[in-house]
Amino acid sequence: MVDKMICSIEIALKQGLRDAEASSLVTKAKDYFGIQIASARCVHMVTIDSDLKISDLERVRQQIFTNPVTQVSSLSSLDIDFHWCIWIGFRPGVKDNPGATAMEAIEDLLGKRFGQHEGIYTSKRYCLNGKTLTRSQMEKLAKELLSNPIIQQFKIFSSSDWDPKIGADVKPARVILDHTPCFDIIDIDSDHTLAQISDQRNLALNPRDIPIIRNYFLDPDVIADRKQVGLSRPTDVELEYISQARSDHCNHNTFNGIFRYKDILTGEETIEHSLFKTYIQQPTLALKEKKDWVVSVLWDNAGVGAFDEDNHYVITGETHNSPSNMEAYGGAITGIVGVYRDPMGTGLGAKLFMGSFGFCVGDVNYAGPLKPPLHPRRLLDGIIEGVKDGGNKSGVPTTFGQTLFDPGYMGKSLVFVTALGIMPRQVAGRPSHEKKTTPGDLIIMSGGRVGKDGIHGVTASSESYSENTPAGHVQIGDPYTQKKMHDFLLECRDEGLIQFITDNGGGGLSSSIGESAMISNGCVVHLDKVPLKYEGLDMWEIWVSESQERMTIAVKPADLDRFMALSCEHAVESTVIGEYTDTGKLHIMYQGNTCAYVDMDLLDKGFPAWEFDAVWLPPEARGLFEPVIRRPKDFNALMTAMLERPNICSKEWILRQYDHEVQGGSVIKPLVGVNHNIPSDASVTRPVLTGKKGLAFSQTLLPWYSKIDAYHMMTCTIDEAVRRLISVGGSVAHIGGVDNFCWPDIGYDPHTNPDAAFKAAQLVRACRALKDACMAYEIPLLSGKDSMYVDGHLEGAFGERIKVSALETVQFSATSVVADVMRCLTLDPKVPGDFVYVAGITGNELGASEYYDLFGKTGRHIPRVNFTANKILYKTVEKAIQTEMPASCHAIARGGLGIHLALMAMAGELGMQIDLSKVPAAADTLSDDVLLFSESTGRFIITVAPDQKAVFEKLCKGLAVQYVGMVTEKKDGLQIKGTRGDVIVNLSCAALADAFNKPFGDMI
Amino acid sequence: MIQVQALILTGFGLNCDHETALACELAGARSHRVHINALVGRKVKLSDFHMLVFGGGFSWGDDHGAGVIQAVKLKNHIGDDLLSFVAEGKLVIGICNGFQALVNLGLLPGLDHEYTRRSVAITYNDCGNFRDQWVHLKADPDSPCVFTKGIRTADYPVRHGEGKVIADPEVVAALRARHQVVFQYADKQGHPAEGKFPLNPNGSVQDIAGICDPTGNIFGLMPHPEAYNHVTNHPDWTRQKQWQKRRGQTFDTQDTKGIQLFRNGVDCITERFF
């Protein structure tokens, strides 16, 4: 055997070239910690653990790793001066994407194959200069900026520590388990024993499930069956399977649970048997009957709607909260790459055509005593970057996104990711939205390999944080591997090679095979065939590992050769790991021995529903009242203060980092206006480039209203999502919805969760509102998910741990199909001299508004949605847009009329002259601040050309649509006359823009 | 009918292949999306095509330098085929990641008709981040580039983290002198951006957004013409439409400047080979 050699290639930009990575470090060190670094350079390291000859190493160094124009490199350490050097590398087992591509490149160049004990590992070292820098400052940078101990390790060298001959002395981060794979037999002699084992093994079994599980394995018939395959008591593989399948993440126990709801004031008592069935499934199925365009809902990885005569679109939304809180970049990239597998696994497979994001984080400037796992500022940096790499490298445009801030998200931040795909209605002569597994079909796993990563991710995300939460479930998504697989699978689909396809996400093979085998009614799986990242995994680990970028596919034996040939051409690994059967058994083997053998219908064996008490205290019973605020005197200052608020101001720097044009179908972009910097109401995309139809997409988050009543939070959220669609040219006749619930824990515990019943009541109310709004606007819920444990226990100043819970949050996504994209509209006023209208009634509805929040108040007058009136208005606005009457249209949303007039003026870089006394109002007595900042729903600002005025007014006759002013020249700025007749707001476009861009304007 | 055959590379993380294929079709060519492995494995013969398109995306995740591994692989397996393709006077266009691959292959800038030397690099944006933004471009009217004939200015989107073109001063001077700097980032009026951010989104030397080889047959650019395949792609289209309407004009939905660029290539091939 040839001795292996470990060689590190060091690469740096030539002296004098701008080192963006190092500059960013210098800036952040100063901004975040006040550490002054005089200069810095970054050295990239590629550590090769192999037996390559020096001549080969030289060849790869020159041809692959060194750009002759910009870089210098060496097979030993580069001679770069520093006072301090910080080296950062991955921990063993963490996905090293550049390491993997380096290996691929070297294999291709040298025509060699790396063996199992060889590897390539990438790392970095930062060479920092600054005479006053100290070791403790270096540790701070290493720990709080450059690395995360969950996935990375670091070393610090002072100039005197450094031996150039040894350099950073990088050891390969290879995983060595030194363990012979096996499975365990689990003792079930009593409920207590099994409960203990559940705790020890982190199975998170519900105590009420335990007797059912024991009964099954103690059933004489079951025992007799199992004896034939050499099993008696349950194995760890089997219990892991049950644990995954019964987890809240997979089984949605909360939404299928029983709620005893009680209204304290009215005494109303109701039993809710399943929020899912009553408020999601029933209305959606009823609407499916009415709406031809609803194709497939409530069972697949994503919902399916008709797009045009030849194509369907698919949509789903996910959150990836817990992992993102521990390792923001890794969690977020894994989240977006993960949700992108859902359309790929919907029907026979859809091609991704857009995605979106929603970030909810704590105050980025937080300076208080609480210590979240990651400071909100660092967390936001990480999730922005994770979604950037995951989305951009997947070749999917991110056409919409929102970021909001609230102290409650410091306990656990939220990362919403949404994915849309498109697929032909017919694939190789079959309807694309149908699929099934049949006995005899081969089970194939394609894509990435299996490692220890992600084990127990599902059960961990079904728990709220404690200091003992295992960090092992944090992963780093690999969009490159997945993009290859995406392209490969679409070719297989078009050739008719796929019988069934689903992704490996939460629960890994246990979920994907466990669920798909229900259709054929059985399977045999050979776990020893599953390709592994490294040796030594136990059977249960292979079965439940959540290693990313994997799909499970059913293929007919006759199609296997063609499937594998395409797999090879696309450089995707695919392996037959078993077969679907109709034996009624989930049969798992390893090297010929059975390690699991359970009935496919085991999960129907009467597992009990979860139960919750839900006690509703209406706002008045909670002592909420309207704050007393007299009319402000300085509206100019008030308007700019509002525009500067983090939840109102420009977040352009985030949207700019996301490719929102790839695939060439962009019609309405996330940022619009003359300067392309005002957030659009919604996006419109052409997924089929040869057609004229577009897919309008909007998302809304209004968690603040949950402070008063989650019922109205939900109706307002849905109303805004619909309103946004209508503004860009969407149609009331086709609105699809996706609900993503993120809730604090509602399971009662007198010590850890004393107010659970109230939060449970909020959930019941939000679900009732969901149904009410969906039925009123005829919105089928194409998809939806819930994440039920948005709480954190943060260490405070005295070592105490304080529970921080998020506001009850729902992100609602809405879709509409635009018949002709040429009629779409943007929100910017376009021509001076146009007439400005406000449509919809403004009421005294400042409860939980941005305006009240400015003063730290909540209030009680929450906006209420008048579905009937709004629907009539929305249809009218739709008609106006379809007949091209308006020049611009904008939905009034968070912040109210004043803020949204300002956004329009900035977008058009035009003046606007507005008279508040003309605004359609619920009462004559509304004061100027109420008119400007009330967040009443169902309202638009519309501009209309003089020659369209008459027809527009005729169309709107009888509706609350009023002419309120004019679009003027840019020099006139935004001028708003109050109800007393005096000009109360007089601000130039530049002054508005200064305020709007102030908080984050210097971020790029 | 004889038709211009365009090969659009796919696979290994490339991602603009569908719209690039569509743009070529709208320009009159017949598009073929071909996996890099089919080309290097010689299942598909490069010589059967007239135009080779290196499209945008993240080949090999852009790890180890954007477009680097793609260039090494192609050079390693079909380097000679590429050189003969070019020698026959056929056309090559590289967009974004494809431009990065062309400079790493050495097909650009091809100074002194030397097509394997790397003398231009495309590196990290000065702003330190990936950026999606529409840019104004000014074309050199005296450039030999066959793709930009008749195009004086154009708006296309850039979407990259590594788009800053740099080279030794002599190389840059030679490129300017020989009119190989096809596109420069510019302001609305078509004057060069002179390095000003965000008009010049990445800090490219001399505002370089795209360059060609001395023959004008090989062209690389960071902005994406294929992303302007429809009038509604332009960020100002709703305003343009409204203004035209006020002037009593119907909104012009003819070929976009993006399609024009590909049509120039197709026309050149038709003239040259048919």
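Domain bounds here come from an automatic or database domain assignment. By that assignment, chain A is divided into domain 1 (5–158) and domain 2 (827–1004). The model is predicted, and it scores ipTM 0.98 and pTM 0.96. It contains a chain A with 1004 residues and a chain B with 274 residues.

**Confidence**

- Chain A has an average pLDDT of 95, and 98% of its residues score at least 70.
- Residues 465–471 of chain A have a pLDDT below 50. Beyond near neighbours in sequence, this stretch makes 10 contacts in the model.
- Where pLDDT is low, the predicted coordinates should not be read in detail.
- For chain B the mean pLDDT is 96, and 100% of the residues reach 70 or more.

**Overall form of chain A**

- Chain A holds 29 helices and 41 strands.
- Taken along the principal axes, the C-alpha atoms of chain A fill a box of roughly 90 × 75 × 60 Å.
- The radius of gyration of chain A is 29 Å. A compact globule with 1004 residues would have a value near 30 Å, so the two agree.
- The C-alpha centres of domain 1 and domain 2 of chain A are 52 Å apart.

**A sheet in chain A**

- Six strands of chain A form an open sheet with mixed pairing, in the order β25-β28-β29-β34-β30-β31.
- At the edges stand β25 and β31 (781–787) of chain A. Each has a single partner strand, so one side of each is left without a neighbour in the sheet.
- From one strand to the next, the twist averages 20 degrees.
- Within this sheet, β29 (residues 694–701) and β34 (residues 809–818) of chain A pair in the antiparallel sense, over 8 bridges.
- A:Leu701 has A:Gln811 in β34(A) as its bridge partner.
- Helix α22 (residues 710–728) of chain A packs on the sheet. The strands touched by α22 of chain A are β25, β28 (683–685), β29 and β34 of chain A.
- The direction of α22 of chain A makes about 25 degrees with that of β34(A).
- The loop between α21 (652–656) and β25 of chain A contains A:Gln663. A:Gln663 is not a glycine, yet its phi is positive, at about 85 degrees.

**Overall form of chain B**

- Chain B has 7 helices and 11 strands.
- The C-alpha trace of chain B spans about 55 × 45 × 35 Å along its principal axes.
- A compact globule with 274 residues would have a radius of gyration near 19 Å. Chain B has 18 Å, which agrees.

**A sheet in chain B**

- An open sheet in chain B is formed by 9 strands, in the order β2-β1-β3-β4-β11-β10-β9-β6-β7, and the pairing is mixed.
- Its edge strands are β2 (30–35) and β7 (153–160) of chain B, each of which pairs on one side only.
- Direction ignored, neighbouring strands of this sheet are turned by 25 degrees against each other on average.
- Strand β6 (residues 131–139) of chain B runs antiparallel to β7(B), and 8 bridges join the two.
- The bridge partner of B:Asp132 in β7(B) is B:Arg159.

**Cis peptide bonds in chain B**

- The bond from B:Leu108 to B:Pro109 is cis, with omega near 5 degrees. B:Pro109 sits in the loop between α4 (97–105) and β5 (120–124) of chain B.
- The bond from B:Phe197 to B:Pro198 is also cis, with omega near 5 degrees. B:Pro198 is placed in the loop between β9 (181–186) and β10 (208–212) of chain B.

**Where the two chains meet**

- In the model, 55 residues of chain A are in contact with 54 residues of chain B.
- On the side of chain A that touches chain B, at least two residues each come from α1 (20–33), α3 (97–110), α14 (376–393), α16 (479–494) and β25 (666–668) of chain A.
- The largest share of that side, 8 residues, is supplied by α3(A).
- Sorted by class, the side of chain A that touches chain B has 23 nonpolar, 17 polar and 15 charged residues.

Terms used:
Residues are numbered from 1 along each chain as its sequence is written. Chains are lettered from A and ligands numbered from 1 in the order in which they are written. This is a predicted model: local features need pLDDT of at least 70, side-chain atom pairs count only at pLDDT 80 or more; totals for chains, interfaces and linings use all residues. Two residues are in contact if their C-beta atoms, placed from the backbone, lie within 7 Å. Helices (H or I, at least four residues) and strands (E, at least two) are DSSP runs, numbered from the N terminus. Ala, Val, Leu, Ile, Met, Phe, Trp, Tyr, Cys and Pro count as nonpolar, Asp, Glu, Lys and Arg as charged, and the others, Gly among them, as polar. Two strands pair if DSSP finds at least two bridges between them. Axes are lines fitted to C-alpha atoms, for helices over the stretch in contact, and angles run from 0 to 180 degrees between N-to-C directions. pLDDT is the predictor's confidence in each residue, from 0 to 100. The radius of gyration is taken over C-alpha atoms; the globule rule is 2.2 Å times the number of residues to the power 0.38.
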